[in-house]
Amino acid sequence: MNFAMGTFFHPITIIGPGGQETVEALVDSGASFTTMPASLLRRLGVSPHRQARLRLADGQSAIWDIGRVRSSIDGEEEADLCIFGAEGSPPTIGAHTLQAMLLAVDPVDHRLVPTEGFLMTLTDTAFRLASEFEMTGDQPDAVAKLVEGLDKKYKHQTLLGVTGSGKTFNMANVIARANRPTLVLSPNKTLAAQLYSEFRDFFPENAVEYFVSYYDYYQPEAYIPRTDTYIAKDADINEEIDKLRHAATRALFQRRDVVIVASVSCIYGLG
């Protein structure tokens with residue numbers, strides 16, 4: 001059976017009313033819950049206590065039984081929810097279990113590592129714009145209209161300006177006045193890096209984070225029929241960029257004064 005690049009297995013002990021059993025499970029932080037074969041859960045005396053509609057990786061959804069268990073990983077034990085999975089499918093460790101045990105995935109060394117929990121706080125979240133410049137000319141009016149459009153819940157607004165007219169400075173003022181978490185999308189990594197640097201200067205007291213593709217090189221799987229040539233998938237992951245992506249995700253959980261500067265790769269998910 002083939003699994004996606006970067007996945008790995010880790011032992012987990014499932015404890016039920018009738019005993020316990022340790023299995024090697026696929027770590028899948030993209031899954032909401034841990035899944036075990038239904039026969040294993042019944043063997044441990046676990047009964048379904050509810051059902052839930054869950055979406056599969058192929059986009060289809062189905063109704064699954066969920067049971068209450070206790071799970072143990074690396075000596076840590078917590079109450080847990082477990083899906084009654086299909087026979088023949090690999091056991092998986094999902095995000096609910098990892099979060100309950102304060103564990104995170106190390107994608108480089110393929111292991112589970114202790115992590116801090118996330119606590120959302122809404123105190124002292126104002127954006128503080130730091131700049132030696134003041135808005136001039138049409139800038140104050142443009143910013144006021146953009147903020148008004150946000151208040152009126154306009155879905156689309158466009159700020160027009162020639163190169164060097166201060167569009168980034170204008171948007172920094174909009175962010176400060178609207179005081180909302182902000183996603184800045186760039187068409188490529190080069191421009192994203194430039195915007196990231198500028199917004200960090202504008203908001204030194206707030207969380208300005210960087211979220212772009214962590215691939216330095218990516219060769220997708222391919223087949224060339226003319227020459228009967230198969231090309232295996234190959235990739236090189238930039239560990240520093242991967243750390244910045246995790247920092248961006250963590251900031252969204254921890255605070256509201258966040259600006260995420262990202263390339264369009266962010267629309268495809270976290271990993």
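Analyst: Let's begin at Ser-72: a polar atom of its side chain lies 3.5 Å from the backbone oxygen of Glu-76. A polar contact here is a pair of N or O atoms within 3.5 Å; within protein, one must be able to donate a hydrogen and the other to accept it, and residues adjacent in sequence count only if both atoms are side-chain atoms.

Before going further, please keep in mind that this is a predicted model, in which local features need pLDDT of at least 70 and side-chain atom pairs count only at pLDDT 80 or more, while totals for chains, interfaces and linings use all residues. Residues are numbered from 1 along each chain as its sequence is written, and side-chain values use heavy atoms, with hydrogens and water left out.

Ser-72 belongs to strand S5, residues 61-73. Strands (E, at least two residues) and helices (H or I, at least four) are DSSP runs numbered from the N terminus. With a relative accessibility of 16%, Ser-72 counts as buried; buried means under 20% relative accessible area, exposed over 50%, and partly exposed in between, using a 1.4 Å probe and protein chains only. Setting aside neighbours within four places in sequence, Ser-72 touches Ile-12, Thr-13, Glu-77 and Met-101, where contact means heavy atoms within 4.5 Å.

Next comes strand S1, residues 9-16, which is joined to S5 by three bridges in the antiparallel sense. Two strands pair if DSSP finds at least two bridges between them. In this pairing, Ile-14 stands opposite Ser-71 of S5. S1 also runs antiparallel to strand S2 (residues 19-27), with eight bridges joining the two. One of the paired positions is Phe-9, whose partner in S2 is Leu-26. Two residues separate S1 from S2, and the two strands form a hairpin. Six of the eight residues of S1 are buried, so this strand is largely enclosed by the rest of the structure.

In H5, the buried residues are Ala-192, Leu-195, Tyr-196, Phe-199 and Phe-202. Seen down the axis of H5, they fall within an arc of 125°, so they line one face of the helix; the arc is that of the directions from the helix axis to the C-beta atoms. The cover over these buried residues includes H4, strand S10 (182-186), strand S11 (207-211) and strand S16 (258-263). Thr-190 and Asp-201 are exposed on the other side of H5.

One last stop is Leu-102, in the loop between helix H2 (95-100) and strand S8 (103-106). Leu-102 is not a glycine, yet its phi is positive, at about 55°. Its relative accessibility of 42% makes Leu-102 partly exposed.
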